[in-house]
Amino acid sequence: MTDNRGVSRSGLFRTKSVERSILDTDEPDSRLRKDLTAWDLIVFGVAVVIGAGIFTLTARTAGNVAGPSVSLAFVLAAVACALAALCYAEFASTVPVAGSAYTFSFATFGEFVAWIIGWDLILEFALAAAVVGKGWSLYLGEVLGGLSPVATVGPVKVDWGAILIVVVIGILIATGTKLSSRVSLVITSVKIAVVLFVVALGVFFIDTDNYTPYVPPSESASTGEGLHQSLFSFLTGAGGSTFGWYGLLAAASLVFFAFIGFDVVATTAEETRHPQRAVPIGILGSLAIVTVLYVAVSLVLTGMVNYKELAGDESTLATAFALNGMDWAKNLISIGALAGLTTVVMVLMLGQTRVLFAMARDGLVPRRLSHTGRHGTPVRTTVLVTVVVAALAGFIPLGALEEMVNIGTLFAFVLVSIGVVVLRRTRPDLERGFRVPAVPLVPILAVLSCLWLMANLSVETWIRFVVWMAIGVVVYFTYSRRHSVLAEPAVPRR
C-alpha cells in the first residue's frame with residue numbers, strides 16, 4: 001500500500017515512491033536549476049574518469065602485472081564497468097532525481113538501505129575528492145619547478161596546494177552547475193589534447209617486437225600477508241601470480257578503478273533538461289570515449305618500450321618517452337595530469353553535494369542543508385562539503401585509505417544492479433527512457449563482476465568499510481530515522 005505521500009511499507013523498509021521523489025523536485029526552497037544537456041553530462045563523465053591514472057596506472061600495471069596485455073585488461077574492465085553503467089542508465093532515466101544510487105535504493109529497498117548507500121557515497125565522494133586533491137597538489141609542485149605545496153606550521157604539515165584547489169572548486173560549484181560544466185569542458189579539452197598528442201607522437205616510436213609475447217609467461221608473486229592480503233586470498237589461502245592469464249585478470253581488476261566516477265553523472269539527473277534521454281547518453285557516451293583513450297594509450301606505451309623496462313612503482317607514461325630520448329615529455333604529461341585532476345576534484349565534489357542534498361531533502365541529515373540559493377545550487381551543502389574535503393586533503397595523510405573509495409563504489413554498483421531487477425518486478429508500469437537489455441542476466445553479471453573485484457581488495461579495507469557502515473547504522477537509529485520526512489504523520493491532501 002502507498003499512502004497520499006507516496007510512502008509504502010513501514011519501519012526500516014518504508015519506501016519513497018518514484019512519483020513522490022519526482023514531486024519533491026518542485027519544492028521552491030530546494031529546487032535545482034535544469035541547465036544541463038547530454039553533452040554536458042558526457043563532459044562530466046570524461047572529466048571525472050580521465051585523471052592522472054592514464055599517465056601512471058597504465059605503465060605500472062603493464063610493468064608489474066600484465067605486460068602488453070594491459071590493453072586487453074582495459075577492455076575487460078570496460079565490459080564489467082559497462083554492465084553496471086547500463087543499470088545506472090535505466091535507473092537515472094526512470095528516477096531523474098538527485099542522489100544517484102541513494103535515490104534509486106530509496107525507491108526499491110526502502111529507507112534503511114537507502115541510508116546505508118547514502119552513507120557509503122558520502123565516504124566514497126568525500127574521500128576520493130580529498131585523495132585526488134592531494135594528487136593535484138603533487139603535480140602542482142612539479143609544474144612549479146619543484147616548489148613544495150606543503151608548508152609546516154609547528155608540528156602540523158599543511159598541504160596548501162590541496163586546500164587551494166578544493167576551495168576554488170567549491171566556489172565554482174556553488175556559483176552554478178552550468179558554469180562548472182563550461183569550465184570542466186575547457187580543462188577536459190586540455191587534458192584530452194595532451195593525451196592525443198602523446199598517443200600521436202608515441203606511434204612513431206612503436207616497435208612491434210615489444211608486443212611479443214602479448215601475454216607474458218606467468219611468474220609467482222606474493223599477495224601480501226595478514227590484513228594486507230586480498231579477502232579472496234585470506235579466505236582460500238590461494239597464492240598469486242603476475243603475468244600470464246591470471247595476471248591479465250588481476251590487471252583487469254586493477255585498471256577497473258580507472259573507470260570509477262561515471263556514476264557521478266547520475267547524480268546530476270535532476271539538473272538535466274531531458275534526463276530520460278540525456279542521462280543514458282551521458283553515462284554510456286563518456287564510458288565509450290574513455291575506453292578508447294585508455295586502450296590507445298596502453299597500446300602506444302607497451303609498443304614504445306619492452307614491458308620489463310616499466311617494472312617498479314615509479315614508472316609512468318613519461319618513462320617510455322624518457323627511454324626514447326624525450327625527457328621533455330615529463331613536463332607535458334605533468335600539465336595533462338594537473339588538468340586531469342582538476343576536473344576530477346570538481347565532479348567528485350559535485351556528486352558529493354548532490355547526494356547530501358538529496359538526503360537532506362528527505363530529512364536523513366539536517367533539512368536546512370537542502371536549501372538552494374539564487375543560482376539554483378545547494379549552497380549550504382556545498383560549503384559543508386568544501387570545508388570537510390579541504391580539511392581532509394590539507395591536514396590528513398590519506399594514502400592508506402584510497403582502497404576505501406573502491407569498495408564504496410563497488411558496493412553502490414551492486415545495489416543499483418540488483419535494484420533494476422527489483423523495480424522491474426515491483427513497478428513495471430513506470431516509464432523508462434532507457435531499458436537494460438537481457439534482464440535479469442545483465443544485472444546478475446554486473447553484480448558478480450563487482451563482487452569479484454571487491455573480493456580482490458585487502459582485508460584491512462574490508463574491516464574499515466564495515467566499521468564505517470557500523471557508524472552509519474548508529475547515526476541512522478539515533479538521528480535519521482526519527483527526523484525522516486517519512487516518519488511524519490500523513491497530512492490529507494485537499
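Modeller: Let's start with V143, which is found in helix α6, residues 111–143. Keep in mind that this is a predicted model.

Biologist: Why does V143 count as partly exposed?

Modeller: Its relative accessibility is 38%. Buried means under 20% and exposed means over 50%, with partly exposed in between, so V143 counts as partly exposed at 38%.

Biologist: What makes the nonpolar surface patch?

Modeller: V143, L144, L147, W160, L164, V168 and I335 make it, and the patch is about 590 Å². A patch residue needs over 30% relative accessible area, and V143 has 38%.

Biologist: Which helix gives the most to the nonpolar patch?

Modeller: That's helix α7, residues 160–175, with three residues.

Biologist: And the whole chain, what is it built from? How many helices and strands are there?

Modeller: There are 17 helices and six strands. The chain's radius of gyration is 22 Å, close to the 23 Å that the globule rule gives for 494 residues, so the chain is as compact as a globular protein of that length. Along its principal axes, the C-alpha trace spans about 75 × 45 × 45 Å.

Biologist: How much of the chain counts as buried?

Modeller: Of the 494 residues, 59% do, the cut-off being under 20% relative accessible area. The chain still exposes about 19,600 Å², and carbon and sulfur atoms supply 67% of that.

Biologist: What about contacts between residues at least 6 apart in sequence?

Modeller: Among those, 82% join residues at least 24 apart.

Notes
Residues numbered from 1 in each chain as written. Predicted model: local features only at pLDDT ≥ 70, side-chain atom pairs only at ≥ 80, totals over all residues. Heavy atoms only, no water. Patch = residues over 30% accessible without salt bridge, like charges linked within 9 Å, V, L, I, M, F, W, Y side chains within 5 Å. Areas by Shrake-Rupley, 256 points an atom, 1.4 Å probe, with all protein chains shown as cover. Salt bridge = Lys/Arg side-chain N within 4 Å of Asp/Glu carboxyl O. Helix = DSSP H or I, 4+ residues; strand = E, 2+ residues; numbered from the N terminus. Buried < 20%, exposed > 50% of the residue type's maximum accessible area, 1.4 Å probe, protein only. Rg over C-alpha atoms; globule rule 2.2 N^0.38 Å. Contact = heavy atoms within 4.5 Å.
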